[in-house]
Amino acid sequence: MNILVRCLLICPSLVTVLTLFIARAMGCIQSIACKPRVRRENIVVYDVSASIDQCPTVIEENSPIVLRYKTPYFRASAGIVMPPVPRNETWTVGWIQACTQMEFYNTYGDVGMSSWELPELREGRVKAISDSDGVSYPWYGNTTETVTISGPTSKPSRLTVSMNDNFYPSVTWAVPVSNSNAPMLTRITRDQSFITWLVALNNATKERIVLQTVRWRMRVDIAVDPSMPLGSRASLVGRTHQEQPHILANNEPIPPNALGRPNANDAQVLMWRPRRGAPLVVIPSK
């Protein structure tokens, strides 16, 4: 006869103990299974796209004070299916962006150059700086860029988030630290790199789930002949179309500086670097 059966015949109370144990175990298993939890493996990401418009940078010479240029747009979009969200939990899904490298030089012949710089990034003290709108930290923005879901929800939620970004700066024709208005600008070069993350964030616990990572870069090279009349001084040189973004197969972690203040606009400094003499801060960081 089976040993377990003999024990049960000899000790009937053991039946009761085993029954209670199994019931409690099944109850625990059922409660775990029934309690919804948002996990990476339960989130579906589809139709991820990232591109830069296939058009050249547009140069504007409408002002006698500044040259303006407008780069093509970087655009990113994704569809997401979120699992049911438990009671008392709120999740936001959206785009977070950070600048990882910036070279932005405006050359004025043999006099010198002005440059927009991110000192902490330039000196290697941080790996990235937030590119938030300055209000919606850590998000790039709070319109089409994010969607918030508050629990409890009884079924999966389908949502779409999208963002776009481009450069549209003004560069003075004259040396920025001079009292003269004479045009002396001869070159504009800009090379800037970004990482853009699609993220699900638990608003209470701050748990972050990185769903997708995109790397992209924007480069501008403009030659200027200040001796020419306004409207015919500047021309685009080098590549006319941007390299397309890379949607990474493996996600990258988000550096701490990409999540909070300051954002890149507030952290940047305009420097004047003369051919001879010491550098000068023209516009300090905010």
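**Note on pockets and cores**

1. The second largest pocket is lined by Gln 101, Met 102, Glu 103, Phe 104, Tyr 105, Trp 116, Glu 117, Leu 118, Leu 121, Arg 122 and Arg 273. A pocket here is an open set of points on a 1 Å grid over the protein atoms alone, where a 1.4 Å probe fits, with protein on both sides within 12 Å along at least five of seven lines; lining residues have an atom within 4 Å of a point.

2. This is a predicted model, in which local features need pLDDT of at least 70 and side-chain atom pairs pLDDT 80 or more, while totals for chains, interfaces and linings use all residues. Numbering starts from 1 along each chain as its sequence is written, and side-chain values use heavy atoms, without hydrogens and water.

3. The second largest pocket has a volume of about 160 Å³, the space filled by probe spheres set on the points. Strand β5 gives the most to its lining, with 5 residues.

4. The largest pocket has a volume of about 350 Å³. Of its 20 lining residues, Asp 131, Asp 165, Asn 166, Arg 190 and Asn 265 are the closest to its centre. β11 gives the most to this lining, with 3 residues.

5. The largest nonpolar core has 51 residues, of which Tyr 69, Ile 80 and Met 82 touch the most other members. Such a core is a set of buried Ala, Val, Leu, Ile, Met, Phe, Trp, Tyr and Cys residues joined through side-chain atoms within 4.5 Å; buried means under 20% relative accessible area (1.4 Å probe, protein chains only). Apart from this core lies another, of 11 residues, including Trp 197 and Leu 259.

Conventions. Buried < 20%, exposed > 50% of the residue type's maximum accessible area, 1.4 Å probe, protein only. Helix = DSSP H or I, 4+ residues; strand = E, 2+ residues; numbered from the N terminus.
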